[in-house]
Amino acid sequence: MKVEGLQEDRESGSEVGGTPMGSAGSACSPGSADRCMSRLLSAVESELQAGREKGDPTERELRVTLEDAELWRKFQNITNEMIVTKNGRRMFPVLKVSISGLDPSSMYSILLDFVPADGCRWKFVNGEWVAAGRAEGRGEGRGHGSVYIHPDSPNFGAHWMKAAVTFNKVKLTNKVNGGGQIMLNSLHKYEPQLHIVCVGSRHRLVSNVSFRETQFIAVTAYQNEEITALKIKYNPFAKAFLDAKESFKLSHSRLWLLNQQSAMAHITINQYLQQVYEAIDNHDGSFCAELLSFKHPHVANPRLQLASPEEKCQQVLEPPYDEMVAAHLRCTYAVANHDFMEAYKFQTLVSHKEENWALPVMFAVTLDLRIFANNAEQQLQKKGKGQPGDMLEKAAEQLMSCFRVCASDNRAGIEDSKKWGMLFLINQLFKIYFKINKLHLCKPLIRAIDGSNLKNDYSTAQRVTYKYYVGRKAMFDSDFKPAEEYLSFSFQHCHRSSQKNKRMILIYLLPVKMLLGHMPTHQLLKKYDLMQFDDVTKAVSEGNLLLLNEALSKHETFFIRCGIFLILEKLKIITYRNLFKKVYLLLRSHQLPLDAFLVALRMMQVEDVDIDEVQCILANLIYMGHIKGYISHQHQKLVVSKQNPFPPLSSVS
């Protein structure tokens, strides 16, 4: 292996007796020069002594151990990412190793290289990394940028063994800029590789060491929210989390907010307005949205909670932005005083619908508007004022106003169209309509998306939310096949770290699946803490009406709160079908007396049941396609088909 940047050692004899040592000693008297030499040799001996216990002159017992291996494995489990920037960014976790088995008195240099872990280029899709073509070449002109020489090199083996060797000054870049930085290609996977070189009259490569736990994908901005959370948890001062491009995404992280609160608590009104001005001037919609969002820590700053901020805003900002920001600051003042009626009133004034770059601002403002309307309504209800749903309906009118602006934008360039904001606003409207139980108002919104040529191009997160609500509506309309399709899409594409959202989707997907004959496993229910469905699943599968009634009664409050109790009641017809199938299997006949079904129902403690009711249940099952046959009233028998008399539930339309 050719090791770049490694300088040849000088002969040790000339080093000790040469000019540099003589120059240093010229300032000392002859006696003191001897003492200086003695002190230097003593320091060398001390250095050698410190590593002798771990030393091995033969180097046969050489061992290199990764420090903080457990931390590295936490990142490896979700595919680690490392930021690369033009100016270089330090690694976290920091690469740190312990070495033993070197010759304590020999000189070694330790180098770090980053080798491609595979031949792929990667991309982050639907919450996971997938291969996206062949990797780019390492390129030319990288020079020393491809190898990092530890700043303590060269040094005695004893020095390297006395303490962990840390590479905390390594910087990763995506530009050729020298300065000892490591240049990597973004969206490529790398594995750090350690080289131990014995230096002297002839250089000798002693060992190459790498650890799979340290593999990572180079990125210019973190893609996986789980990686972001781990970086924040274990390295709260990492600069990567303060990048302007990342800050809007990270504003939704509670930990990030906590780290930012101390800084934002001291910002002045003029500093805040200057930031807003720069965001508007640069058409930076994400940063501007952050500064007008109640998810950002600036709203907790008392200096910005002003009852009359209009004058200060007019001094810095041009219309209409001065009015928008003033309304936002008055809103922060109202929230600080727990007056959500006032907060809602001023939030309605914080709107900007004219330019496409401001779409993130519209998203942030309308999200807060819906939340304030909900809080204001709760305050009114406590005071015994207003009608339930009044404030949310008014908020829906504001959102519809924004939606019409987006939907009617017919400019030529789709990239500049406000139609990209339609799905976000529809999702906010869905949340309101489901809250106030006006699902019929969802129909025109669904038609608008069905007729849009962008319906498959919106962000995955927005499509997951949209399909979730459309699936719920289809379920309530008893359109179970479409409901299964929509809810399954939401569950499959929901980010794997969003366990709470996945659980919410399952609450509605499970009843639909059961009605279509697909029973959930015990492991799935346990994983998402939905054991309320466990007895229901068991009862339906076994045709046990008694157990089904007990399960519905036991968890009635939960099912009613989720709005699925009546849907689960429909499982009784499936349970009847499975119970009657057991009767058929026991009698082994295609002509089944109705009395047999009556006995089965009475065993399940179904009260006030008679032959007429048995015939009614059987007629419904035949009509719905769950039983292939007919009722012979003359002979009081159910005559079933000789081929597949109880078709699979999944085949019944």
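At 24% relative accessibility, Lys513 counts as partly exposed, a class lying between buried (under 20% relative accessible area) and exposed (over 50%), computed with a 1.4 Å probe on protein chains only. The model is predicted, so local features need pLDDT of at least 70 and side-chain atom pairs count only at pLDDT 80 or more, whereas totals for chains, interfaces and linings use all residues. Residues are numbered from 1 along each chain as its sequence is written, and side-chain values use heavy atoms, with hydrogens and water left out.

Lys513 forms a salt bridge with Glu484, the closest N and O atoms being 3.0 Å apart; the term denotes a side-chain nitrogen of Lys or Arg within 4 Å of a carboxyl oxygen of Asp or Glu. The pair links distant parts of the chain, with Glu484 in helix H19 (residues 480-493) and Lys513 in helix H20 (residues 499-515), 29 residues apart. Helices (H or I, at least four residues) and strands (E, at least two) are DSSP runs numbered from the N terminus. Glu484 is buried, with a relative accessible area of 14%.

The whole structure holds 8 salt bridges. One of them joins Glu393 and Lys438 at 3.0 Å, N to O. Here Glu393 lies in helix H15 (residues 390-407) and Lys438 in the loop between H16 and helix H17 (443-450), 45 residues apart. Glu393 is partly exposed at 31% relative accessibility, and Lys438 is partly exposed at 27%. Within helix H4 (residues 69-76), Arg73 and Glu70 are 3 residues apart, about one turn of the helix, and form a salt bridge with closest N and O atoms 3.5 Å apart. Salt bridges link Glu70, Arg73 and Glu213 in a network.

Aromatic pairs number 20; rings of Phe, Tyr and Trp (its six-membered ring) pair if their centres lie within 6.5 Å, and planes under 30 degrees apart count as stacked, over 60 as edge-to-face and the rest as tilted. The rings of Tyr148 and Phe167 have centres 6.1 Å apart and planes at 65°, so this pair is edge-to-face. Both residues, Tyr148 and Phe167, are buried. The pair of Phe430 and Tyr466 is stacked, because the ring centres are 5.8 Å apart and the planes stand at 20°. Phe430 lies in helix H16 (residues 422-435) and Tyr466 in helix H18 (residues 460-476), so the pair ties together parts that are 36 residues apart in sequence. Phe430 and Tyr466 are both buried.
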